[in-house]
Amino acid sequence: MKKILLSMLVLIIISVAACQQAAKEPVMEKKPDVMEKAPATITATGDTAVDAVGNGLNNVDSVEKDLSTDGLSGLDAGLDDVQKI
Amino acid sequence: MKKTIAFVIIAIFLFSLAPLAFAEEGSKDDTRTEIKTKEEIKSDVLKTRTEIRAKAEERKKDNLERIKVLREEHRAKIEALDSEKLDRVSNLGNERLQKIAELDKRQIERLAALNIKNLEKIAELKKERLERISKLSEEKIERMAELDKDNLEKVSDLNDTEIEKFSTLNRAELKAMAKLDKERMKAELKALKVVKVKKAEDLDRREISTAMLAQAREKFDKAEDEFHEATEQLTDERQKLKEARDKKDEKASLEHAKNYLLKTADALIKHLEKIKAKVQESKNIPDDREAKITAEIDAQIVEINAIKADAQAATTKEQIKEAAKKLREKWNRLKHLTRLFAERVVSARVEGLVNQGIVLEKRLDNVLAEAKEKGIEVNVSAEISQFSVKIAAAKDKYTQAQAKLSAVLDLKAGDATNEQIKAAADEVNTLLKEARDAVKEAHGILKTIVKKLKEADSEADISAEVEVEVAQDTSASTDGAETDETTESSTEAAAST
């Protein structure tokens, strides 16, 4: 009899604990709702006109690099060598 | 004993149910409180609405009372305004109210759309000036009203055509021009032409067909490949020349020295061809300037080819040294001259970017007007003013750079020294860097504006092509202005000789 009563006590404790857990669950479920309602923040404009200005700026940099005389920087020393033959 | 235990267990079970029951009760209480709060809010809102309505009615009554001083035909025009506009107009002093009421219905509508501060400023103008200003569109009046009182008086004294041109300027240009004395302002406005454009490309200095563009880009790619090939061979030949000299192998030294000269000539020609291709594909280099630069590049290529032929024909050490000397002189000149050509290409690109900024500022005005019509107020006026200032600064810098460039390029045909060319190239480079920095800052501000706009009105789109009015300076086709400067420089040069 004692064993039966003890096992009943354990079952009751478990069921109470389970009930409390079940009661908490709907609160847990509400969290994503709150997340969904949060206002969307715009991280990038994605606007063609704005991006066109940005691309234009990059193009200016690349044209400047393309037309620089950097590739000919060794010419003075090279011509010096030739004149010393 | 067993019974006692059993009762204790049942008691524990029943006790454990108690919090749940309370919890349930609590949530019911919460719901009830929530409903009650909502009802209270609702009733508050209704109460506030009723109060607002009552106040509006009262205000309208007061407003109508205030405009009773006007003659009936004038009063009818003011009464026809919507309540917001009526509110603003009727709150003006009697004298100002009278001046506005004497305008036609559409002029009154446009003025009444201004905010109270600007409306008061405009209404202070003399009747004839007010008449002229109110003929402008709502958007233009809005921009003009941002001027301070004295400048507004000065500008509104201009004739209708001049006011129309003036109001087409971008914010920063408008403020700068308003500071000029009346005569100078009139002269500058005379040189302005109002053009209607849909996109920045419509402001390009010349039209280049797609086929021509493709051809120029193909030429550039080819020249670029050949340039790299030539420079690689240059390094190789120089190494071989060193080895031959170390070995005291004269025949090999001559051979590699000669090859080095030939490859140097090739590299210089290819570099010039690269620049020529970029000049040809630049839509913001006017035809005459493009023709001059292209002709200059072709002339340089002819001279390099002549030196290359000398090097090719050289058989002795002296002949090779002579060709090397000529090539070195040529390179000393070209290293600065090609910088000028390259900077002209860069300045054309910057001009294109500034044109984009000018058109975007106008598009922003349209987008804001559309939002206002929808009842959406977006406060970005400070940011748009900053954007306008940056674009105007960039325009000022590239204009100075182009004037300097043309003066030196034209002078070059005469007798510009290498030092003069270098100094000019350095100065132009600094000016163009400043112009690009200003455009970069404008781009940052533009991103903030667009972000704010889209947050307030998700349909706002500044990429949509709409027709906008832009003021173009017909005298400042910079190459034209440069010609004047050149003439001056040539005269000075002639006088000094």
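Helix 16 and helix 17 of chain B each supply at least two residues of the lining of the largest cavity. Helix 17 of chain B gives the most, with 4 residues. The model is predicted. A search of the whole structure finds 1 cavity of 30 Å³ or more. The largest cavity holds about 40 Å³ of space. Its lining is made up of B:Asn170, B:Glu173, B:Ile358, B:Glu361, B:Ser388, B:Ile391, B:Ala392 and B:Lys395. By class, 3 of the lining residues are nonpolar, 2 are polar and 3 are charged.

Helix 16 covers residues 317–373 of chain B, helix 17 covers 381–414, and B:Ile376 is found in the loop between them. The relative accessibility of B:Ile376 is 23%, so this residue counts as partly exposed. Buried residues would have to fall under 20%. Leaving aside residues up to four places away in sequence, B:Ile376 touches B:Ala371, B:Ala456 and B:Asp457. B:Ile163 lies elsewhere in the chain. B:Ile376 and B:Ile163 are 213 residues apart in sequence, and their C-alpha atoms are 29 Å apart in space.

Helix 15 of chain B was examined for its length. This helix has 27 residues, 287–313, and should span 39 Å at 1.5 Å a residue. Several residues of helix 15 are buried, among them the charged residues B:Arg289, B:Glu290 and B:Glu296. The buried set also includes B:Ile293, B:Ile297, B:Ile301, B:Ile304 and B:Ile307. B:Thr294, B:Gln300 and B:Ala311 are buried as well. An α-helix has 3.6 residues a turn, so residues three or four places apart point the same way.

Helix 6 of chain B spans residues 116–123. Its buried residues are B:Asn118, B:Leu119, B:Lys121, B:Ile122 and B:Ala123.

At the level of whole domains, chain B is divided into three parts. Domain 1 covers 72–190, domain 2 covers 210–335 and domain 3 covers 345–473. The C-alpha centres of domain 1 and domain 2 of chain B lie 63 Å apart.

How values were computed
Residues numbered from 1 in each chain as written. Chains lettered and ligands numbered in written order. Predicted model: local features only at pLDDT ≥ 70, side-chain atom pairs only at ≥ 80, totals over all residues. Heavy atoms only, no water. Buried < 20%, exposed > 50% of the residue type's maximum accessible area, 1.4 Å probe, protein only. Contact = heavy atoms within 4.5 Å. Expected span 1.5 Å × (residues − 1). 1 Å grid on protein atoms, 1.4 Å probe; cavity = no way out; pocket = protein on both sides within 12 Å on 5 of 7 lines; lining within 4 Å. Points joined across faces, edges and corners; volume = space filled by probe spheres on them. Domains from an automatic or database assignment.
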